[in-house]
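Let's take a walk through this one together, from the overall fold down to a few local details. Keep the model open as you read.

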Amino acid sequence: ERDSLIGTMGFVQKWWAQTRLLLWKNLRIAIRNKVLSLLQIFSPILFILSLFVFQEAIVRSDNTGFYDVVTQGPSIQLASIPICVKNRNADSCFTFAYAPNNSDVVQDIVDRIMSNNNPPISADSVIGFATAEDIDQFLFNYPNYTQGAYVFSVRSANASLNETMEYSYTVQFNQTNYISHGDAIDSKNYVLIPMQHAADKAIFQHHTGNTDPEGFQVNLIGFPHLEVRTLNIIGRNGPVWIFANFIVNFVIGLQQITTEKELKLRSSMKIMGLYDSAYWTSWFITLATFNTLNV
């Protein structure tokens with residue numbers, strides 16, 4: 001009598017009956033696969049929590065002070081000229097180059113720069129040229145063989161009735177910043193300012209004859225600033241991670257549908273009169289329910 005009643009049902013009644021049974025089947029599968037079901041429901045929490053963890057890790061790992069309110073920056077003593085270290089692609093390395101190398105005054109200034117440095121710069125770590133054009137040609141032909149270069153100009157000038165010396169120089173350096181052990185090295189602070197300070201001190205010593213002028217020390221202090229957030233992980237990557245959460249549900253649902261096809265379950269149900277529309281509607285409602293719970 002039951003089979004006869006079902007056989008006389010209309011299409012809508014059969015379709016609705018199949019859909020309800022398939023939804024019950026999907027519910028039982030979800031209950032049995034507790035791990036996958038919990039992953040589908042709570043994956044948004046994991047994704048959002050990971051974004052907050054990444055954001056906090058960036059803030060806590062920062063040592064530049066950009067993520068803090070700075071009212072007065074720390075005083076940092078200016079370092080000496082860094083000694084050039086030969087890399088694997090270079091045959092030699094020079095701490096600095098200079099020109100002209102045929103002037104006794106310039107040579108005395110260069111010697112003072114080398115001896116004042118900490119640690120002192122060795123003679124084989126410095127290379128001299130006759131003209132600025134020779135330095136430019138060397139820098140062009142041998143990139144990364146030196147980290148900086150001086151071009152000095154020394155001449156006498158008559159001021160009133162007293163003869164004075166005029167000193168000028170140009171510093172050439174590689175302005176490209178690079179990363180060392182996860183920290184960005186600013187070439188201006190690392191090379192340019194130490195070279196400028198060393199030249200000023202050497203010129204002062206040469207002109208006055210004072211080998212160790214007191215008070216000739218330079219400190220660096222950064223500007224005060226408000227809190228700066230240069231990288232917002234949540235704002236930049238949040239939408240992508242939220243979309244990835246729905247991808248997780250899609251992959252899990254696709255795996256379950258594929259499993260039913262491999263086990264011939266869907267084919268068996270079609271032999272027994274299953275409507276394709278009822279089958280796909282049941283899976284659409286199931287996956288939409290998980291996505292709704294995620295939202």
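Predicted model: local features only at pLDDT ≥ 70, side-chain atom pairs only at ≥ 80, totals over all residues.

The protein runs to 295 residues, and 29% of them count as buried. Take the contacts with a separation of 6 or more: 70% of these come from residues 24 or more positions apart.

Now for the inside. Rolling a probe the size of a water molecule over the atoms shows where empty space is left. In this structure, that turns up 1 cavity of 30 Å³ or more, and the largest cavity holds about 50 Å³ of space. What lines the largest cavity? Its lining is made of Asn 26, Ile 29, Ala 30, Ser 37, Gln 40, Gln 256, Trp 283, Thr 286 and Phe 290. Two or more of the lining residues come from each of helix 2 (11-32), helix 3 (34-61) and helix 9 (276-294). Sort the lining by class and you get 4 nonpolar and 5 polar residues, with no charged ones.

Is Ser 37 buried or exposed? Its relative accessible area is 10%, so Ser 37 is buried, the cut-off being under 20%. A polar atom of the Ser 37 side chain sits 2.6 Å from the backbone oxygen of Ala 30.

Next, hop over to Glu 260, in helix 7 (residues 233-262). Glu 260 counts as buried because its relative accessibility is 5%. What does its side chain pair with? There is a polar contact of 2.5 Å between the side chains of Glu 260 and Lys 25. Beyond residues up to four places away in sequence, Glu 260 touches Lys 25, Asn 26, Ile 29, Leu 265, Arg 266, Tyr 279 and Trp 283.

On to the cysteines. A disulfide is a covalent bond between the sulfur atoms of two cysteines. The count here comes to 1 disulfide, joining Cys 84 to Cys 93 with an S to S distance of 1.5 Å. Cys 84 and Cys 93 are both buried.

The peptide bond from Ala 99 to Pro 100 is cis, with omega near 0 degrees, and Pro 100 sits in the loop between strand 2 (96-99) and helix 4 (104-116). Asn 118 and Pro 119 are also joined by a cis peptide bond, with omega about 5 degrees; Pro 119 belongs to the loop between helix 4 and strand 3 (126-128).

Finally, look at phi. Asn 144 is not a glycine, yet its phi is positive, at about 65 degrees. Asn 144 lies in the loop between helix 5 (132-141) and strand 4 (148-159), and is exposed, with a relative accessible area of 54%. Lys 264 has a positive phi too, near 65 degrees. The loop between helix 7 and helix 8 (265-271) is where Lys 264 sits, and Lys 264 is exposed, with a relative accessible area of 54%.

Terms used: Residues numbered from 1 in each chain as written. Heavy atoms only, no water. 1 Å grid on protein atoms, 1.4 Å probe; cavity = no way out; pocket = protein on both sides within 12 Å on 5 of 7 lines; lining within 4 Å. Points joined across faces, edges and corners; volume = space filled by probe spheres on them. Helix = DSSP H or I, 4+ residues; strand = E, 2+ residues; numbered from the N terminus. Nonpolar A, V, L, I, M, F, W, Y, C, P; charged D, E, K, R; others polar. Buried < 20%, exposed > 50% of the residue type's maximum accessible area, 1.4 Å probe, protein only. Polar contact = N/O pair within 3.5 Å; in protein donor to acceptor, adjacent residues only side chain to side chain. Contact = heavy atoms within 4.5 Å. Disulfide = S-S within 2.5 Å.
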